[in-house]
Amino acid sequence: MTASKKVRVRFAPSPTGYLHVGGARTALYNFLFAKHNGGDFILRVEDTDLERSTEESMKMQISDLKWLDIPWVEGPNPETFEDMGPYGPYRQSRRKEIYMEHAQRLLKEDRAYYDFRTDEELEALKAAALASDPSKQYQVEAPAQVVSIADAEKRLAAGEKAAIRFRVREKRDYVLHDLVRGDVTFPSDMVGDFVCIRSNGMPVYNFCCVVDDALMKMTHIFRAEEHLPNTLRQMMLYEAFGYEMPQFGHLSFILGPDRQKLSKRHGATSCNDYRLKGYLPEALNNFMLLSGWSSPSGAEIMSREQQIAEFTPDRFNSSPAVFDTVKLEWMNGQYLRALPHEELWKRVEPFLRDAGLSLPASSSAEWRDQALTIFKIKMNTLADAVPLFLPLDDSRFAIGAEAAETLGWPESRAVLEAWRGQVAAFAGERMSEADFDAAQNAVKTAAGAKGKNLFMPIRVAVVGVPHGSELKMVVPLLSKASLLKRADAAIAGLK
RNA sequence: GUUCCCAUCGUCUAGUGGCCUAGGACACCACCCUUUCACGGUGGAUACUGGGGUUCAAAUCCCCAUGGGAACGCCA
């Protein structure tokens, strides 16, 4: 009673596509809960749906979990995908014998029975029941004469198919002490005799879930709210097996802006989508953490350590949360700007490479540092780096359409020509900030322009557009030859 | 239809009977910083779904209504 067991929690996705943000949040919560309590976080693959589960999906989800830095100590090895841990196998498709043994147990104790009825027969029963009393919810019941185990085995051996159904016996209330919702009372007649093993021999979700959670010694189950009504069946199963129930906590949904459950038609919903869009896993984690849970300290941006330290289930919010991508973007910008530049470059670089940018000067650490200093201010996602770095690629440089107005100003010609002259006269390879200031002053005097009439044309002659980062910061990133070519292009664009 | 869950600014949320003329964050607006755009800073506008109770006192407890959602599968 007093000696508390080691906390064991799991994330149990079904591998039918990418990892969804809702699933990722569930994984995160379980992981943080385990860490907070010095327990273990386990990954179990629920692939009993042969139709939809694929090996490929499992690997994608594992990859997403790795990207999010949510590691598990038992489950498929993240590299080899082979089971690791003492309670395996961790894929339900490989645990069939275990489920069958449990089903046999239920059969012997008359808590379950073989059901040879066809779908059509069951349908007819339902229709008849509804016809006699339409106000009552129809539930499947055992036939008056259940086939004996011995007879059933003979018929099975002869090739007939039967499902194994759990027998819901007495009518009474079941009360679940939910960690998120408090006490929830389910009347037992909310469900009929439900299938444990399909006639094709595959066990069904609620059955596997109980067997696995019990055998894998789970102490707590945090899962999505949609499973709440399932819990009644699971409670019945725990009771029939005599297994101790873990503590449950049913998390509220993540919704789209239309307050419908977040789904593909809302756009980006998988972690992979966000990875591709240039979101940082730290930011996505932090954001998911805060939709459905709040920090007792009121913190918003939280380190992993702080998250673990503060994570307790009494902070769950029982109402659903709309996934606010605008706030996620803000948060990503916060994380991104806080990254050391070497690290930020490592993350930005693949996006620049994928965009086909050629930036020879980026081999210099100093150049990278300078470029990130000025560009990260304008970035919220890693992908935002592409249009920012693009003008630095000589082969991609072009005078943008937004430059037309600036190039039409009367003093622009004088400014551009003076600027070109300054660049041409410059003796070094790259201007420093001071060099640029001096050159700009000279242009100011020569062309008699000041304010935006001065620097906007120059900016056009540097990056191709009139708005952007501070010139004295950008100019040192470009070579003299490059600046010269650009000035020529701008002059050619004059009215 | 039956059962279950949920209900505070546009959004994420704080709030567990008096500290609430309801706090924070994003977004929005204004101003400051800034020779542009951003970043940053300061300030502002905006919410307890409705109705009944309980109580000296209710965003907080109870009931009803309304609205939203889920489950009711040999899907998970």
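Analyst: Asp-115 and Arg-165 form a salt bridge, with their closest N and O atoms 2.7 Å apart. A salt bridge here is a side-chain nitrogen of Lys or Arg within 4 Å of a carboxyl oxygen of Asp or Glu. This is a predicted model, where local features need pLDDT of at least 70 and side-chain atom pairs count only at pLDDT 80 or more, while totals for chains, interfaces and linings use all residues. Residues are numbered from 1 along each chain as its sequence is written, chains are lettered from A and ligands numbered from 1 in the order in which they are written, and side-chain values use heavy atoms, leaving out hydrogens and water.

User: Where do Asp-115 and Arg-165 sit in the chain?
Analyst: Asp-115 is in strand 5 (residues 112-115) and Arg-165 in strand 6 (residues 163-166), so the pair links distant parts of the chain, 50 residues apart. Helices (H or I, at least four residues) and strands (E, at least two) are DSSP runs, numbered from the N terminus.

User: Is Asp-115 buried or exposed, and what about Arg-165?
Analyst: Both Asp-115 and Arg-165 are buried. Buried means under 20% relative accessible area, exposed over 50%, and partly exposed in between (1.4 Å probe, protein chains only).

User: What about Lys-261 and Glu-226?
Analyst: Their side chains meet in a salt bridge too, at 3.1 Å from N to O. Lys-261 lies in the loop between strand 12 (254-255) and helix 8 (271-276), and Glu-226 in the loop between strand 10 (220-224) and helix 7 (230-241), so the pair ties together parts 35 residues apart in sequence. Lys-261 is partly exposed at 41% relative accessible area, and Glu-226 is partly exposed at 42%.

User: How many salt bridges are there?
Analyst: The count comes to 33. Some join up: Arg-10, Arg-44, Glu-46, Arg-95, Asp-212 and Asp-213 are linked in a network.

User: New topic: which residues touch the most other members in the largest nonpolar core?
Analyst: Phe-389, Trp-419 and Val-462 do, out of 102 residues in that core. A nonpolar core is a set of buried Ala, Val, Leu, Ile, Met, Phe, Trp, Tyr and Cys residues joined through side-chain atoms within 4.5 Å. Helix 1 (residues 21-36) gives the most to this core, nine residues.

User: What does Phe-389 touch?
Analyst: Leaving out residues up to four places away in sequence, its contacts (heavy atoms within 4.5 Å) include Trp-345, Leu-352, Trp-367 and Phe-375.

User: And which residues does the second core include?
Analyst: That separate core of 40 residues includes Phe-194, Ala-214, Met-218 and Leu-237.
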